[in-house]
Amino acid sequence: MTYNHRVILRTISVIMLFEGCAMLVPLVCAVYYKELGAASAFFFTAICCICFGMTVFKHLRYYTLKIKTREGYFVAFICWFLVCLVGTMPYALSECGYSYVDCIFESVSGWTTTGAWVINIDAMPRSLVLWKAITNWLGGMGLLLLTISFFPILGVQGQKMAAAEVPGPDLEKMSARISDTAKLSYRIYIAMTILELCLLLPSGLTPFEAVINTMSTISTAGLYNLNNDVVINFTPYVKAVFTFFSIAGSVNFMMYFFISVGKWKRVVKNVELRTYLSLLTGGSVIMAIVLTATGTYHSFFKALGDSFVQAVAFGSTSGFEIADINIWPTACKIVLLVLLLIGGCGNSTSGSIKVIRFVVYFKLIMRGIYKRIHPHAIKPVMIQKKPVSAESASSITVFLMLFFSIYIVSSLVLSLENQDMETTLAASLAAITNNGTGFGNIAGGNFGIFSWFGKLFSSALMLAGRLELYAIILLFSRSFWNSDRARS
């Protein structure tokens, strides 16, 4: 097998440089709060990352970069694996006594925007909490997309790397160059982040709480409750802001581009967006009716409000809980699980399968039924009045089969932890969808109930889910490593 080692090393160097620079912010925070152990950990790790990144990048700066499809997936895996591994260093070197397995879990959970935890937030130094929120924000849009936006010299070849990382069936381009698309995506992302922060600062939250929750909600990573309660209690205004920006982060970023250029009709008529909002609304109404009918809530409007917020939390894969959903009726839990399985829109910060894939798959089923009745009919699958190619339909079908296969296998593996069935099934789904929370003993996202093996396995699931499965699964393919069989 032959790989372009220069493109791999150069991309890694840029990623390490970004990660080292990102650590300077929590370093200042650690100094401010006089957290000397954390400050030294951030300082040492940041210096190592920056020095390595600058040295390697300077050495390889004049090489022309050409990348194949399989190399794009390999680069995506290597970069995410290393960034998560290096991200454990501040936790491990902070002199807080955390086990290395717990540090790995916290780092992977942060970068993949899963929001699960094994270390109590209220017992964690403020600088480490800020670091986890920063990793949420950077991991939300993607590391490789950030790299491409700053280094357009990667050219159109950069699309092969971004396609291995960006959530959704295809990476849509807002402009002719993928580097310009990356820049536009991050400009939109930064603008929404600033807007949410401005709305949260006068809400009664401390500036620190406003900052960390802004970065976590816009990246659909959940919420940070420094009191570490399972059920998060905020004012209605704060909940409304969190809910709105959780939806905003889980919407296809192409919609914001269309809005910016005045193409409102394309937004209003977008099938994926309309389906997503309909699912959230319909699920909320169903849960509100059930909650009221069973006597769990006495007020329908209170039930509707909590149901909508919780539907957004699961549908966007943010994973926060504003009510004790463990005591909700089974019908409500099923609705939440359905929303979680479908997830948010493609090309967003959300996880799980994505709405557009389910729309196409549903139409494939309906076409299959129609073809049974009219076997000689020609009936293409149409999305936005355009036919879906056979290649795209096949890719979506394979992804769904792969997703559920991994979910079944991961549930079997986590069953070795000997938790109850609800907890086991919810934990594997929470990890692979990057939701981070579920029912049973992992309510609130607490994965501390698992052994070191369960934590490491859950970390692998979170990373696989963030990379849309393929970047991990392809590593186990013989043709991926055989240069004679892999020509692209």
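First, a term: a residue is called buried under 20% relative accessible area, exposed over 50%, and partly exposed in between, with a 1.4 Å probe and protein chains only. By that cut-off Thr317 is buried, as its relative accessible area is 0%. Thr317 sits in the loop between helix H16 (300-315) and helix H17 (330-342). Helices here are DSSP runs of H or I with at least four residues, strands are runs of E with at least two, and both are numbered from the N terminus. Leaving aside residues up to four places away in sequence, Thr317 touches Thr220, Val312, Leu340, Gly343, Ser350, Gly351, Ser352, Thr433, Asn434 and Asn435. A contact means heavy atoms within 4.5 Å.

Now the provenance. This is a predicted model, where local features need pLDDT of at least 70 and side-chain atom pairs count only at pLDDT 80 or more, while totals for chains, interfaces and linings use all residues. Residues are numbered from 1 along each chain as its sequence is written, and side-chain values use heavy atoms, with hydrogens and water left out.

pLDDT is the predictor's confidence in each residue, from 0 to 100. Its mean over the protein chain is 86, and 87% of the residues reach 70 or more. Over residues 152-158 pLDDT stays under 50; the model has 16 contacts for that stretch beyond four places in sequence.

Of its 488 residues, 57% count as buried. Among contacts with a separation of 6 or more, 71% are between residues 24 or more positions apart.

On to the helices. Axes are lines fitted to C-alpha atoms, for helices over the stretch in contact, and angles run from 0 to 180 degrees between N-to-C directions. How do the axes of H1 and H2 cross? For helix H1 (residues 5-22) and H2 they come within 4 Å and cross at roughly 20°. H1 and H2 are therefore roughly parallel; angles under 35 degrees count as that, over 145 as roughly antiparallel, 65 to 115 as roughly perpendicular, and the rest as oblique. Gly20, Cys21 and Ala22 of H1 meet Leu24, Val25 and Pro26 of H2.

Last, the axes of helix H2 (residues 24-32) and helix H3 (residues 36-59) come within 8 Å and cross at roughly 155°. That makes H2 roughly antiparallel to H3. The H2 side of the contact is Leu24, Pro26, Leu27, Ala30 and Val31, and the H3 side is Ala38, Ala39, Phe42, Phe43, Ala46 and Ile50.
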